Structure formats: structure tokens, C-alpha cells
Amino acid sequence: MGVLGYIMQMQPFSVNDGEGIRTTIFMAGCPLRCKWCSNPEGFSQREIIGWYQRKCIGCGDCVRVCPQGIGINMNIERDRCISCGKCTEVCSQNARTRMVTYMDADDILSDIHKHRLFYAYSGGGITFSGGEATSQPELLDYLTSEIYDMGYSMDIETSGYFDFESVRPSLERMDLIFMDLKHMDPEKHRYYTGVPNDRILENIKNLGTLRSIDRPGHGPDIVIRIPVICGVNDSEDNIRQSAAYVHKVLPEARMELLPYHSFGMIKYEALGIPYDHPEFSAPDKERMDHLKDVIMSEGILIADYR
Ligand code: SF4
Ligand code: SF4
């Protein structure tokens, strides 16, 4: 048996995760617990089935095939689900759906390969995302090694919270690395994400030591991303400190500001998890433009892939 791993989604035709048309691979597992996370199915590495109540027509087909005798509202007895997936195969409305699947890496590669013409004509490729792609280092190493040999461009989106040396070879195969910096204040970072920021700050510095295997003397392009949320990290002081830090340790990096969005909140419903933070909101365009000006005043260029 080859390398296997937990995949939330393979999303072809992505245009916001790097250059051109890309396939984004959402890999499950994440050491952070950001209070605004829009991908809660990616918290852990296990197969997960979701139930979207608003799509359900109450036909009962799922109940008839379930070996565990679970009813239509699986969220009240989810602990008995063995993730066999039989209900997802009979649900005509896609109300029951696989949210995390245990996949063979070679099947992932076959899927990627189907869209090779789109990568070629658009200057696109593959983007690793999550969850946290570095939380499955063996799978990441296998996929990046094989995709490198296929000649496709690779990017990664990461929280920055990982053991750098264990994923260095994978990072050195990338063309572009997006790394988050969610807050400069260690206590606020811990409060909002569940982990301190010291490892992330260190890894931003470590990015400067990467050397691409096919660009001697150069590393991958770097974009430090801030997901901007009103009242959490949108103060001018926090954004200025973030830009000043990046300028100090990685002056060639660009920065991107992403306004908070709540697109993934329906997933909490599908998993039967309460979402406790409806108060989060995005700054308006004027505020975002001002914060970009703050970054540029610290000598850092702005990136915009949205
Ligand atoms: S099979 Fe799908 S649509 Fe029918 S009851 Fe089950 S979840 Fe609802
Ligand atoms: S995945 Fe299997 S065990 Fe879980 S609810 Fe569906 S049919 Fe039942």
C-alpha cells in the first residue's frame, strides 16, 4: 500500500490560491483552533460525514442503508457513525456528504493530472491548503516530490505553525508560499488561535533560508497573509508591527490582507458543532485600503490574489 492521507477536498479551477488556474488540495488536521475558522472539518485527521439539513428532503434513503441504524439527523447520534459513506452514495440531494476522506496519494495525483492543460495554458498548478497541509508531512513530501517530477507549479498556504526542518524539502519544491501572521501580540494570538505566535514568527524568519531546487541562490516567493477581522487584529498598531517584523526578517516578502468571511459557517451546522462567534466581521474597503497603506509605509509590497 502506498502513502495515504486525510483530504477535505480537491478543488479544481481555483483562481485565488496563486497564479493561474489551480487545483487546491485541502489537507485535514490543524494544530490551531482559530475562533473564526471556516473549515472546522479540518481540525482533526479522521474520516467525517456531514449532514446539510437545509438540503435534506427527508426521503429516509440514508436511514435504510445505514449499518448503524442512524436516523436522518445524524448530528444527534454522530458518535455512532463509522464513516462508511453508504448514506452519501444514496443521498440524491448531496445532503449527506463526505467532508474528510482517507485517500491514496496516487489517486490524488491522477485527479490532479486530469487538469494539466488548464495549468499549462493559465500558468497555474497545484496549491496545498487545509486544515494545515504541513500536519501530514509524509503525504506532503510524497505529493510534492511526484508533482515536482510532473513539472507542475506548486504553492502552499500554511498557518506557519510546524516543525520547519521536517517539511523543508517540501517547501523547497514550492514556487510560492503563503504564510499567515494572525497577531503580533502573543497573548491575543493564543486567545484567538489556541497557540502562541513565537513558532510562527521564527518560521517566517526561517523562510529566508529556503533554497529552491531549480532556482540556485533563490527561495520560493513568499507572501505573508493576515486574515483581517474587526476588533481582533485590524488595529493600525498591529498591522504596522506585523509589517515591521516582516521587513526586518524577510524584506523581500510581500504581504496580503484578506478580509474575514463567513462562507464556511454552514459547515458547523453540517457537523453539528455550535458556532459561538457571530460577532466577527470584516473591515470595509476604506479601512482595508488604509491598512495596506500602513504596510507599504513600512517598505513591504502588497500582494493581491483575490
Ligand atoms: S438521503 Fe439525503 S435527502 Fe434523503 S433523508 Fe437522508 S440526508 Fe435527507
Ligand atoms: S457514514 Fe455510514 S455509519 Fe455514518 S451515518 Fe452514513 S451510513 Fe451511517
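How many bridges join strand β2 to strand β5? This is a predicted model, in which local features need pLDDT of at least 70, side-chain atom pairs count only at pLDDT 80 or more, and totals for chains, interfaces and linings use all residues. Residues are numbered from 1 along each chain as its sequence is written, while chains are lettered from A and ligands numbered from 1 in the order in which they are written.

**View 1. Strands β2 and β5 run parallel.** Six bridges join β2 (residues 22-27) to β5 (residues 125-130). Phe26 has Ser129 of β5 as its bridge partner. Strands (E, at least two residues) and helices (H or I, at least four) are DSSP runs, numbered from the N terminus.

**View 2. Nine strands form an open sheet.** The order is β3-β4-β1-β2-β5-β6-β7-β8-β9, with mixed pairing. Two strands pair if DSSP finds at least two bridges between them. The edge strands, β3 (48-51) and β9 (254-259), each pair on one side only.

**View 3. Ligand 1 has a shell of 14 residues.** A residue counts as near if its C-beta atom, placed from the backbone, lies within 6 Å of the molecule or strand. The closest are Cys56, Cys59, Cys62, Cys91 and Ala95.

**View 4. Ligand 2 is surrounded by 14 residues.** Cys66, Cys81, Cys84, Lys86 and Cys87 are the closest. The shell holds 10 nonpolar residues (Ala, Val, Leu, Ile, Met, Phe, Trp, Tyr, Cys and Pro). Three are polar (the others, Gly among them) and one is charged (Asp, Glu, Lys and Arg).
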